[in-house]
Amino acid sequence: MLSKQRVEREKKDHEELLKRGDEAVQLTEQLENTFEQTNTLTSKDKQKLETLEKIVVKIRKELGGDDDDGEETVEVKQKPTTLQEAFNSLKSTTFKLVDELKKGSRFTVSALAIQSSNNVLKLVRFLRLRK
């Protein structure tokens, strides 16, 4: 039987996971809005991309996922050719990740959420490396 302390800790960890997901969505929306207005990436935007990457890496780690090097996932099989395409993909993929996090409970690990986090990371890295 689970101890009450453990249950509380798991519940708190799950709430923090959801909070990180909301932060990721917020950053993604800020980045997209700034890009739509300026059509460029500023140094502040690159810092936001780094923050987004750190948040998503943390989410993936908490879900039990590991590094995605060399693994090609279904959703991002074709790299975006423009920054606009990359931002559109980033937004939809981040929303998909958060949706998967919310569908799950503190007892479930979603393979789709791990896959979505890998896709978000690929898009963030693509955007960070673009000028």
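In this chain, 83% of the contacts with a separation of 6 or more are between residues 24 or more positions apart, a contact being heavy atoms within 4.5 Å. The model is predicted, so that local features need pLDDT of at least 70 and side-chain atom pairs count only at pLDDT 80 or more, while totals for chains, interfaces and linings use all residues. Residues are numbered from 1 along each chain as its sequence is written, and side-chain values use heavy atoms, with hydrogens and water left out.

The secondary structure consists of four helices and zero strands, in the order α-α-α-α from the N terminus. Helices (H or I, at least four residues) and strands (E, at least two) are DSSP runs, numbered from the N terminus. Of the 131 residues in the chain, 40% are buried. Buried stands for under 20% relative accessible area, exposed for over 50%, and partly exposed for values in between (1.4 Å probe, protein chains only).

Helix α1 has 35 residues and reaches 51 Å from its first C-alpha to its last, close to the 51 Å expected at 1.5 Å a residue. The expected span of a helix is 1.5 Å times one less than its number of residues. Among the buried residues of α1 are Glu10, His14, Arg20, Glu32 and Phe35. The buried residues of α1 pack against α2 and α3. Just after α1, Asn39 takes a positive phi of about 60°, although Asn39 is not a glycine. Most residues other than glycine have a negative phi. Asn39 lies in the loop between α1 and α2 and counts as exposed, at 57% relative accessibility.

Helix α3 has 21 residues and reaches 30 Å from its first C-alpha to its last, close to the 30 Å expected at 1.5 Å a residue. Its buried residues are Leu83, Ala86, Phe87, Leu90, Thr93, Thr94, Leu97, Val98, Glu100 and Leu101. Seen down the axis of α3, these buried residues fall within an arc of 155°, so they line one face of the helix; the arc is that of the directions from the helix axis to the C-beta atoms. The cover over the buried residues of α3 includes α1, α2 and α4. On the face of α3 turned away from its buried side are the exposed residues Lys102 and Lys103.

The largest nonpolar core has 26 residues, and Leu52, Leu90 and Leu127 have the most contacts inside it. A nonpolar core is a set of buried Ala, Val, Leu, Ile, Met, Phe, Trp, Tyr and Cys residues joined through side-chain atoms within 4.5 Å. The elements giving two or more residues to this core are α1 (4-38), α2, α3 (83-103) and α4 (111-129). The most comes from α4, with eight residues. With neighbours within four places in sequence left aside, Leu127 is in contact with Leu41, Leu49, Leu83, Ala86, Phe87 and Leu90. In soluble globular proteins, nonpolar side chains tend to be buried together.

The structure holds one aromatic pair. Phe35 and Phe87 form this pair, which is stacked, at 4.8 Å centre to centre and 25° between the planes. Rings of Phe, Tyr and Trp (its six-membered ring) pair if their centres lie within 6.5 Å; planes under 30 degrees apart count as stacked, over 60 as edge-to-face and the rest as tilted. The pair links distant parts of the chain, with Phe35 in helix α1 and Phe87 in helix α3, 52 residues apart. Phe35 is buried, with a relative accessible area of 3%, and Phe87 is buried at 1% relative accessibility.

Glu53 lies in helix α2 (residues 43-63) and is buried, with a relative accessible area of 12%. Not counting residues up to four places away in sequence, Glu53 touches Leu121, Val124, Arg125 and Arg128. The side chains of Glu53 and Arg125 are joined by a polar contact of 2.7 Å. A polar contact is a pair of N or O atoms within 3.5 Å; within protein, one must be able to donate a hydrogen and the other to accept it, and residues adjacent in sequence count only if both atoms are side-chain atoms. Glu53 and Leu123 are 70 residues apart in sequence and 9.5 Å apart in space, C-alpha to C-alpha. Ser116, in helix α4, counts as buried at 1% relative accessibility. Apart from neighbours within four places in sequence, Ser116 is in contact with Thr93, Lys96 and Leu97.
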